[in-house]
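Morning, everyone. Please have the sequence and the model open while I talk. I'll go from strands to a helix, then to charges and rings.

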Amino acid sequence: MAAENGRWVVESGSKIIWKHKNIRAQAMSTSNGNLSSQRGIVDFEDEPDHLLVLVHGILASPSDWTYFESELKRRLGKKFLIYASSCNMYTKTFTGIDGAGKRLADEVVQVVKKAENLKKISFLAHSLGGLFARNAVSVLYSSNVSSNKGLIAGLEAINFITLATPHLGVRGNRQLPFLLGVSFLEKIAAPIAPVFTGRTGSQLFLTDGKPNKPPLLLRMASDCEDGKFISALGAFKCRVLYANVSYDHMVGWRTSSIRRENELFKPPRRSLDGYKHVVDVEYYPPVLSESPRFPPEAAKAKEAAQNEPSVQNTVQYHEIIEEEMIHGLQRLGWKKVDVSFHSAFWPFFAHNNIHVKNEWFHNAGAGVVAHVADTIKQQDSSSTYISASL
């Protein structure tokens, strides 16, 4: 950091230039822990106080958020500092959910340090990025003695929003839709997944670690020695799940909406007014239940699934673990937003439509983007009103 003509310039990172009360912030990106300037410049007349972190999915990069980010800036105004994470680009998404979460947490800390006037924080994540974000917020979580809710990176936590995220993993019938629900394909997918997707693959298929240790996604549905995962999610004022009800070739409806098979329903075919392809919104209040367990029968089933991956073994193991994960996650309230691209020109692009990865090919998701932006704006406004009232 060096002084130039009375203003501070961060040489090795995103150039956040402080001059009088104006901020000239260049979106930051991280490579090997160092911030480097890569994105366009955004001018703020007023200093932003709400950090919105965008987290991309598997084999992706910040460029996946180009359309979404521009719409958020247009709709949300100057009080938001919108930051597209870049610490887990491309093949780094294969190095494990926990490792990616730690890198994301480190990146967020650097952003917060350089923007001193931030008071609030929100996360918006697509696909695998939602699991990275869940892991990261547990690292960033700290208890707040002055209130019932904790802080994330020292800031008030407002929104935690995921788009087509496999919260329950991808193991089980039709959880990975491109396998078409074929038992044989679902059976062989688990043992070969790590070959192509590394530690992340084994964690998504719930086969990571020794047989007597709970898989990472089960641990992430509780507060345990690895992190305060549920407390961290509970710190957010609003938790929202956007889920594709069909045509998503990567992530099934059940895992992205945290539902059991018997909780799925026939979705409405008509979109909500003003939000094309958003077909249903419902708040699910917290359910009082025990913390997730990893009973002896789960360890036995896991060992069988790892060593002798038959249809019977994998189904038994997944049913046990999925139910425990749901028990843990349903202890928090969630707003669930169901999205259906059945009437879109390219419905099979649902996984990328939901966040408009490419403005030309995936613009069917523009209504979803508008719904997300309005949700964020509403929560930010209510948070500001409550603070003013107090």
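**Strands, salt bridges and rings**

Let me start with one pair. Asp280 has Asp338 as its bridge partner in β16. Keep in mind that this is a predicted model.

That pair takes us to the strands. β15 covers residues 278–284, and six bridges join β15 to β16. The two run antiparallel. β16 itself spans residues 334–339.

Now, the other neighbour of β16. That is β14, residues 238–244. β14 and β16 run parallel, with five bridges between them. You can check two contacts on your screen. Leu241 has Lys336 as its bridge partner in β16. Asn244 has Val339 as its bridge partner in β16.

How many residues of β16 are buried? Six of six, so to speak a mostly covered strand. Look at the two faces. Trp334, Lys336 and Asp338 point one way from β16. Lys335, Val337 and Val339 point the other way. All of these are buried, and that includes the lysines Lys335 and Lys336.

Cys238, Val240, Tyr242 and Asn244 point one way from β14. Arg239, Leu241 and Ala243 point the other way. Again, all are buried.

β14 also pairs with β11, residues 156–163. That pairing is parallel, over five bridges. Here, Ile161 has Val240 as its bridge partner in β14.

Next, a helix. α2 runs from residue 97 to residue 114, which makes 18 residues. From first C-alpha to last, α2 reaches 26 Å. That is close to the 26 Å expected at 1.5 Å a residue. Which residues of α2 are buried? They are Ile97, Ala100, Gly101, Leu104, Ala105, Glu107, Val108, Val111, Val112 and Lys114. Note Glu107 and Lys114 in that list.

On to charges. The structure holds 13 salt bridges.

Buried or exposed? Asp64 is buried, with a relative accessible area of 9%. Lys357 is partly exposed, at 34%.

Next comes Lys73 with Glu69, at 3.4 Å from N to O. Both lie in helix α1, and because they are four residues apart, about one helical turn separates them. Glu69 is buried, with a relative accessible area of 4%. Lys73 counts as partly exposed, at 32% relative accessibility.

Then Arg254 with Glu322, where the closest N and O atoms are 3.0 Å apart. This is another link between distant parts of the chain: Arg254 is in helix α7, Glu322 is in helix α9, and they are 68 residues apart. Arg254 is buried, and Glu322 is buried too. As for the network, Glu71, Arg74 and Arg75 are joined by salt bridges that share partners.

Now the rings. The count comes to eight aromatic pairs. One of them is Tyr247 with Phe348, an edge-to-face pair. The centres are 4.9 Å apart, and the planes are at 85 degrees.

Tyr247 counts as partly exposed, at 33% relative accessibility. Phe348 counts as exposed, at 60%. There is also an aromatic cluster, formed by Phe123, Phe160 and Phe236.

Last stop, the surface. Phe345, Trp346, Phe349, Trp360 and Phe361 make a nonpolar patch of about 720 Å². Trp346 is in the loop between β16 and α10.

To close, back to the strands. β16 is joined to β14 in the parallel sense and to β15 in the antiparallel sense. That's it from me.

Key
Residues numbered from 1 in each chain as written. Predicted model: local features only at pLDDT ≥ 70, side-chain atom pairs only at ≥ 80, totals over all residues. Heavy atoms only, no water. Buried < 20%, exposed > 50% of the residue type's maximum accessible area, 1.4 Å probe, protein only. Pairing = 2+ DSSP bridges. Patch = residues over 30% accessible without salt bridge, like charges linked within 9 Å, V, L, I, M, F, W, Y side chains within 5 Å. Areas by Shrake-Rupley, 256 points an atom, 1.4 Å probe, with all protein chains shown as cover. Salt bridge = Lys/Arg side-chain N within 4 Å of Asp/Glu carboxyl O. Expected span 1.5 Å × (residues − 1). Phe/Tyr/Trp six-rings, centres within 6.5 Å; stacked < 30°, edge-to-face > 60°.
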